[in-house]
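This report is written for a reader who meets the fold for the first time. Please keep the sequence and the model in view while reading.

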Amino acid sequence: MEMRVLEVKAKSALNRSGMVELDYAFNAYLGCAHGCRYCYAADITPGESPETWGDTVSVRTNIIEVLQREIKSKRRGLVGISTITDPYQPIEAKYRLSRQAIILLLANGFRVSIQTKSPLVLRDLDILRGKKGLDAGVSLATPDKEISRLIDRKSPLPDARIRTLRELSRNMIKTWMFLGPIIPGINDTDESIEALISMASDLKIRVIYDLLNPYSGARSMLGETLGSGWGSSMKTLDRRKWWENREATITRLAGQYNVECNSETSELSAETGILYKPLY
Ligand code: SF4
């Protein structure tokens, strides 16, 4: 099915984020062409549903004007770009809204944290290179192309994302890998986690990791993709024990490969520490 693009108007640009480490969320797009099967945004994006997730992207065409107005009065802080969509999904090549927002925010004393799965972010190296107050993360759930096609659906493949991490890091950008979401029975093996942590070690970047958020939409999309056997195994899983075990493995591998690894939940304290330290 061809993706539908809608042009809509934004009422606000800098919104409160559900992520404790961020002061604001900036989302130029609603919906995401990547259509990942585990995406929590399918549950919380206005007008979206798990059944149609990945089919439509709404472009908030006036968001830069709204942002220009809002930054005059908003307290300076850390802005996540983006939190319920990929800021560098294909449509950004045409509209360039994420790029314009980053320029504006950095010029006005805000810190910016980018999270994407797309090499399109490299188009903007000219505005990102060596910038203080900026970091960029690339998400990787698995190094495996086949598994990626299943769960990351239309996102760029893992190799493209690893190249993106390498280029960002080479360009003096504070770079991190988001390792996740870690999904029981899919990408939670020691081998899969070790492959990603060893890549982070090669690239000398830090890792933020998290498990699958138990949103009902994500569970139903994954259930549809992975089959009823996976759904039944989720019902009997002792989630707490499973995660304790996976975190123990991550901690061991982080030590072995000398990589700084923070869970998404401990990220607030890590970010708070960074706020008071020079970025380089
Ligand atoms: S790239 Fe991010 S926002 Fe887009 S569908 Fe995947 S997880 Fe959701």
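In this predicted model, β2 pairs in the parallel sense with strand β5 (residues 78–81) over 2 bridges. Two strands count as paired if DSSP finds at least two bridges between them. Helices (H or I, at least four residues) and strands (E, at least two) are DSSP runs, numbered from the N terminus. Within this pair, Tyr24 stands opposite Val79 in β5.

Residues are numbered from 1 along each chain as its sequence is written. Because the model is predicted, local features need pLDDT of at least 70 and side-chain atom pairs count only at pLDDT 80 or more, while totals for chains, interfaces and linings use all residues.

**The sheet**

The pair β2 and β5 belongs to an open sheet of 7 strands, with parallel pairing and the order β2-β5-β6-β7-β8-β9-β10. At the edges stand β2 (24–25) and β10 (261–263); each has a single partner strand, so one side of each is left without a neighbour in the sheet. Strands of a sheet pair through backbone hydrogen bonds, either parallel or antiparallel.

| Strand pair | Sense | Bridges |
|---|---|---|
| β6 and β7 | parallel | 5 bridges |
| β7 and β8 | parallel | 6 bridges |
| β8 and β9 | parallel | 5 bridges |

Asp135 faces Lys174 in β8, and the bridge partner of Leu179 is Tyr209 in β9.

How many residues of β7 are buried? A residue is buried if 20 or more other C-beta atoms lie within 10 Å of its own, exposed if 12 or fewer, and partly exposed in between, with C-beta atoms placed from the backbone. By this rule 7 of the 7 residues of β7 are buried. In a regular strand the side chains alternate between the two faces of the sheet. Both faces of β7 are covered: Leu134, Ala136, Val138 and Leu140 are buried on one side, and Asp135, Gly137 and Ser139 on the other. In β8, 8 of the 9 residues are buried, so this strand is largely enclosed by the rest of the structure.

**Helices against the sheet**

Helix α4 (residues 97–107) lies across β5, β6 (111–116) and β7 (134–140), and runs at about 170° to β5. Helix α11 (residues 239–257) also packs on the sheet, where it touches β8 (174–182), β9 (206–211) and β10, and its direction makes about 160° with that of β10. For these angles, axes are lines fitted to C-alpha atoms, for helices over the stretch in contact, and angles run from 0 to 180 degrees between N-to-C directions. Two residues are in contact if their C-beta atoms, placed from the backbone, lie within 7 Å.

**Helix α8**

Helix α8 (residues 190–203) has 14 residues and should span 20 Å at 1.5 Å a residue; its end C-alpha atoms are 20 Å apart, which agrees. The expected span is 1.5 Å times one less than the number of residues. Which residues of α8 are buried? They are Ile193, Leu196, Ile197, Met199 and Ala200. Seen down the axis of α8, these residues fall within an arc of 150°, so they line one face of the helix; the arc is that of the directions from the helix axis to the C-beta atoms. Their cover includes β7, α7 (158–170), β8, β9 and α11. The face turned away from the buried side of α8 carries the exposed residues Asp190, Glu191 and Asp202. After α8 comes Lys204, whose phi is positive, near 60°.

**Tyr257**

Tyr257 is placed in helix α11. This residue is partly exposed, with 16 other C-beta atoms within 10 Å. Leaving aside neighbours within four places in sequence, Tyr257 is in contact with Ile197, Ser198 and Ser201.

**The whole chain**

The secondary structure of the chain comes to 12 helices and 10 strands. Its radius of gyration is 18 Å, close to the 19 Å that the globule rule gives for 280 residues, so the chain is as compact as a globular protein of that length. The radius is taken over C-alpha atoms, and the rule is 2.2 Å times the number of residues to the power 0.38. Buried residues make up 41% of the 280 residues.
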